[in-house]
Amino acid sequence: MTETHADYQLSQLDQLEAESIHIFREVAAEFEKPVLMFSGGKDSIVMLRLAEKAFYPAKIPFPVLQVDTGYDFPEVLACRDSWVNRLGARLIVASVEDAIRDGIVVDDGKTSRNRLQIGTLLNALEEGAFTAAFGGGRRDEEKARAKERVYSHRDEFGQWDPKMQRPELWSLYNGRIHQGEHMRIFPISNWTELDIWHYIGREGIEIPSIYFSHQRRVFERDGMLLTESDFNPLRAGETVQERTVRFRTVGDLTLTGCVESDADTIDKIIDEVAIARVTERGATRGDDRFSEAAMEDRKKEGYF
Amino acid sequence: MSDHTAGLTQAQKAEQIRTMDLLRFATAGSVDDGKSTLIGRLLLDSKSIFEDQLEAVEATSQSKGYDYTDLALLTDGLRSEREQGITIDVAYRYFATPTRKFIIADTPGHVQYTRNMVTGASTADLGLVLVDARQGLTEQSRRHAVILSLLRVPHLVLAVNKMDLVDFSRDVYEKIHHEFTQFATKLNIPDLEVIPISALQGDNVVNRSEKMSWYSGPTLMHHLEHVHVASDRDLVDVRFPVQYVVRPKSDEYHDYRGYGGMVAGGVLKPGDEVVVLPSGMTSKIAGIDLFDQEVTEAFPPMSVTVRLEDDVDVSRGDMIARPANAPKPSQDIDAMICWMTNEPLRPRQKLAIKHTTRSARALVKDIQYRLDVNTLHRDQDTKELGLNEIGRVQLRTTVPLLCDPYSKNRTTGSFILIDEATGVTVGAGMINSAS
């Protein structure tokens, strides 16, 4: 038995956990065919943990869907496999390469893999006839997300229309959809980056090793440190150096920058996050920096 | 994000995280009241703004030709809103101090956005109403207080803003304070604090104002950090809406059958006698699981899995309560409803209703009156409720609801109404009584 709460107070982290578990259960109860979208990042790992808790000792009652950009960090895929095996969950991989080959998305050489993910994802959702897709979006990430609902309605084209979103009151979620539509579900809407780290620390759960400080061969581009890779040919004037780095976000490795850091434990990462002066996306995600409204545009198209 | 833990040991940090609690508060107001500036100020002074966010806002302010950084730009999220210079939806913001995390539900103030205000207030522990010290109480600030009171937000702060524009005058503050206290007697506001501030200059927001030495009360941030919210929960009346039946059907947990849900009221303990509604069957709590741990008790708002001693038939939509203290199942509901869509609510209309984990259909039997949220006048001649209007309505439901008055329990006393054709949420209801 665990300790008694003499004052009947729940810490904010416990309250966030309780709210997220409530959302997972609500969706599992009301939707015919949910799926959990897994990016490999720390947020989606926290999602897996919350789903595990929501249904324990039963297995999570929905599959895990990952969009393989072809440019994923191997450490991230290893962590994914370890989680999926431990939970006994069904993994569906939707490959951007396959989507390009099948003509579902067009690789013009200029479009980022992150953008090509959108078409690949929408196609996988449609193929699987999924009616609800859990995503790890947090409202503190970006201004366009601040107004996102926990249940975010998508039309039959997978699009998000800010004007069509339903009012969301109390803890009463409205999961009604028409044929062909689906709902994006954001169980960790109210978590901040720091909450995520505190929770990972508290739970002692496995995250991809690239979040921790390590030696890596990197080069500088557009003010970001990118990893050396066959997918990422050097341009004129770019040179590779070995540095002590870690990643703050996980995505397409051709676009996801790392930061110089000695943080090799969760506690050290938390210290670093706590004094960070630049948002995680602003610092290391080339795809969000193109315009102030970049995220809003991608969301409308059906981005996570 | 500020470094609240600098200089602490890992053990002290862990303790701080373990005890940090949560305050959800709703703000209502328009651009003119300086609401966005105030939120920007709270985020900035609590060091919750990042450099790149601030730089973006500074650049936008410059390009618009302002000679100051427009903190309001920090919170205006969607492009369409930025273009129009208004906030048209509920936006959620986050900041933290060493002892508390804050979730702000930021809502627009005009009457045509009443539904957004109701949405933001539905989950709030505290409501923050802004008035412009030069204007004093307006119809809008009264309306905000009325809505917060209707939604039973237990704590209210009236921030008298722009004190810098009235020479930090004590008389101005006292007059607004007095007028508002008079008005508040007609409402249900258990806890009220009136704070004179200047959001633009930062007086009494985080730091105490040197220009208002006559004011001895707390700064806004101090009050937000210390207002006591834990006792707002009902720890007496056990209410556990069953959300999901956990049945592993595995070899290891062959006979496991647990009822997942979020505690809506009271404290549940193993060994407690319980009744399952609507069937009325009784049993005892065999155990309460939180993931792979058994807990000795469960209270709001914990999400747990309850196991019962007897193999009674329990499914989603049922409620676990105590035999001597249970809601009476009822199909006739008397409620205040906020209408949220263009097509008006009319008698004889049929809608879908969602109450706790229970879904049913509801028939509108009567609209008793429409409440004027500016004057509290009850218009009994009304035959319908339009968009953003609030009124008292009688409903008949297809199955009994297991409900309490909203004044007793904000979870078991609330519901939403859904248009069956479009699937859109069209109404929010607060139950007065059920019979």
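A residue is buried if 20 or more other C-beta atoms, placed from the backbone, lie within 10 Å of its own, exposed if 12 or fewer do, and partly exposed in between. The model is a predicted one, in which local features need pLDDT of at least 70, side-chain atom pairs count only at pLDDT 80 or more, and totals for chains, interfaces and linings use all residues. Residues are numbered from 1 along each chain as its sequence is written, and chains are lettered from A and ligands numbered from 1 in the order in which they are written.

**Exercise 1.** Determine how far H2(A) is enclosed by the rest of the structure.

*Solution.* Helices are DSSP runs of H or I with at least four residues, numbered from the N terminus. H2(A) spans residues 42–55, and 14 of its 14 residues are buried, so H2(A) is largely enclosed by the rest of the structure.

**Exercise 2.** Classify the crossing of H2(A) and H6(A) by its angle, and list the residues that make the contact.

*Solution.* First, the axes, lines fitted to C-alpha atoms over the stretch in contact, come within 10 Å and cross at roughly 50°. Next, angles under 35 degrees count as roughly parallel, over 145 as roughly antiparallel, 65 to 115 as roughly perpendicular and the rest as oblique; H2(A) and H6(A) are therefore oblique to each other. Finally, with contact meaning C-beta atoms within 7 Å, H2(A) contributes Lys42(A), Asp43(A), Val46(A) and Arg49(A), while H6(A) contributes Ile196(A), Tyr199(A), Ile200(A) and Glu203(A).

**Exercise 3.** State how many residues each chain brings to the contact between chain A and chain B.

*Solution.* Chain B brings 66 residues and chain A 56 residues.

Conventions:
Axes are lines fitted to C-alpha atoms, for helices over the stretch in contact, and angles run from 0 to 180 degrees between N-to-C directions. Helices (H or I, at least four residues) and strands (E, at least two) are DSSP runs, numbered from the N terminus. Two residues are in contact if their C-beta atoms, placed from the backbone, lie within 7 Å.
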